[in-house]
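Please have a look at the sequence and the model on the screen, and then I will walk you through some parts of it.

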Amino acid sequence: MGEEAAGVRPELVREAEVSLLECKVCFERFGHRQQRRPRNLPCGHVVCLACVAALAHPRSLALECPFCRRACRACDTSDCLPVLHLLELLGSTLHASQAALSAAPCAPGVLTCQHAFGGWGTLVNPTGLALCPKTGRVVVVHDGKRRVKIFDSGGGGAHQFGEKGDAAHDVKYPLDVAVTNDCHVIVTDAGDRSLKVFDFFGQIKLVVGKQFSLPWGVEVTPQNLALVTDAEAGTLHLLEVDFPEGVLRRTERLQAQLCNPRGVAVSWLTGAIAILEHPWPLGTAGDNTRVKVFNSAMQLIGQVDSFGLNLLFPSKITVSAVAFDHQGNVIVADTSGPAIICLGKPEEFPALKPMVTHGLSRPVALTFTKEKSLLVLDTASHSIKVFKGMEGNGG
């Protein structure tokens, strides 16, 4: 068994660790010690003991499964023996794989984490991040009772809105968020497959439904137009909205035949549009990703996928988010590292330069402030991390 384990490819070991050996609530690795022991819920889902305790009511011990919402009590949970046995079986292999990856040559990042805000309870499984261009406030969508959380520029809690519920204006399952030039908040909601627009105080202004199969990524252009990816339809849409009046003026399909497009970003310097695809072809792991960049006329000017990046970088790269810096460089978040990497300008793809190599667990969104600080949404720690120190933002 030892020889077989030693022959397992590191990337397959990492896939097993992510798919089977991490709690999908806190994204911490399961373990034998008390707080990280895997626990079976009666519905069959598995979370760590620490998350069972966090989800349960302190007196009644009642909780809902975070995945299927089936009700149970903390005392109804039990050790997940298959996961515990798998931890024993792969333990030595996982440690050897991680040691090999950490020893791989990699240039140090040029940014360091200055501070973080949010945290478990303040944010619950956050998925999207945006900045208000006028106020500098930070907007996050997450799985809390109020789905939209707004922080001031220093990280203090300002206010929240977007009730969890079944009404047409409620936010059911937010995926991404953007803030317009006139301070309106746009949320993509997978729960009812709609786009929802709020003013900055949380009043609903517009619900755009029946236009999308599964709206995912959302971004705002310098002209105050909304870009929206449709993951199921494989399309990118441009929406012209009178935000103060809450009126949809025009929709235009900018691109079709995309492969499961999710994240979208626009360069305010060049007008270029970057789209993050998850092709997932048969026979490959589900974390294959591809970044496509189009110019303002929607002509493809650059693209790179996981396979191409893995040929150039010492460890596996799985892109989870894309953004542009102030110089027009394409910046991506990597969940395999985890890291933040500059890919350079589209016509130079890929000119890899690590920007952040320490201090992240599972980055899922990123954006730059006017002061050129980098904000990263780390869903594993349920927090926003602020990185500074880079000269020229990777340029």
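Predicted model: local features only at pLDDT ≥ 70, side-chain atom pairs only at ≥ 80, totals over all residues.

Let me begin with a question: does R39 count as buried or exposed? R39 counts as buried, because its relative accessibility is 17%, and by definition buried means under 20% relative accessible area, exposed means over 50%, and partly exposed is in between, with a 1.4 Å probe and protein chains only.

Residues are numbered from 1 along each chain as its sequence is written, and side-chain values use heavy atoms, with hydrogens and water left out.

Now the overall picture. The protein chain has 5 helices and 29 strands, where helices (H or I, at least four residues) and strands (E, at least two) are DSSP runs numbered from the N terminus. Of its 395 residues, 51% count as buried. If we take contacts, meaning heavy atoms within 4.5 Å, between residues at least 6 apart in sequence, then 46% of them join residues at least 24 apart.

Let me return to R39 and its partner. R39 forms a salt bridge with D79, and the closest N and O atoms are 2.9 Å apart; a salt bridge here is a side-chain nitrogen of Lys or Arg within 4 Å of a carboxyl oxygen of Asp or Glu. R39 lies in strand β1 (residues 38-40) and D79 in strand β5 (residues 78-79), so the pair ties together parts that are 40 residues apart in sequence. D79, at 25% relative accessibility, counts as partly exposed.

D192 forms one with K196, with the closest N and O atoms 3.0 Å apart; K196 is buried, with a relative accessible area of 0%, whereas D192 is partly exposed at 29%. R250, in turn, forms a salt bridge with E240, the closest N and O atoms being 3.1 Å apart. R250 is in strand β18 (residues 247-255) and E240 in strand β17 (residues 235-242), 10 residues apart.

Which charged residue is buried yet has no salt bridge? That is D176, and the nearest side chain of opposite charge, R262, is 11 Å away; for charge, Lys and Arg count as positive and Asp and Glu as negative, while His and the chain ends are not counted. D176 lies in strand β11 (residues 174-179), and a polar atom of its side chain is 3.0 Å from the backbone nitrogen of V218. Leaving aside neighbours within four places in sequence, D176 is in contact with several residues, including G128, L129, W216 and V218.

Next, the nonpolar cores, each being a set of buried Ala, Val, Leu, Ile, Met, Phe, Trp, Tyr and Cys residues joined through side-chain atoms within 4.5 Å. The largest has 20 residues, and those with the most contacts inside it are C23, V47, C48, C51 and L63. The elements giving two or more residues to this core are β2 (46-48), α3 (49-55) and α4 (81-103). Apart from it lies another core, of 18 residues, among them V291, V293, V319 and F349.

Let me also point to a loop. S267 lies between β19 (261-266) and β20 (273-277), and S267 is buried, with a relative accessible area of 1%. The C-alpha atoms of S267 and G328 are separated by 6.0 Å, although these residues are 61 residues apart along the chain. The side chain of S267 also reaches the backbone nitrogen of L269 at 3.2 Å.

Finally, some backbone details. The peptide bond from G337 to P338 is cis, with omega near -15 degrees, and P338 lies in the loop between β24 (330-334) and β25 (339-344). L61 is not a glycine, yet L61 has a positive phi of about 65 degrees, and its place is in the loop between α3 and β3 (62-64). K372, also a residue other than glycine, has a positive phi near 70 degrees, and K372 is found in the loop between β27 (363-368) and β28 (374-378).

Technical notes
Polar contact = N/O pair within 3.5 Å; in protein donor to acceptor, adjacent residues only side chain to side chain.
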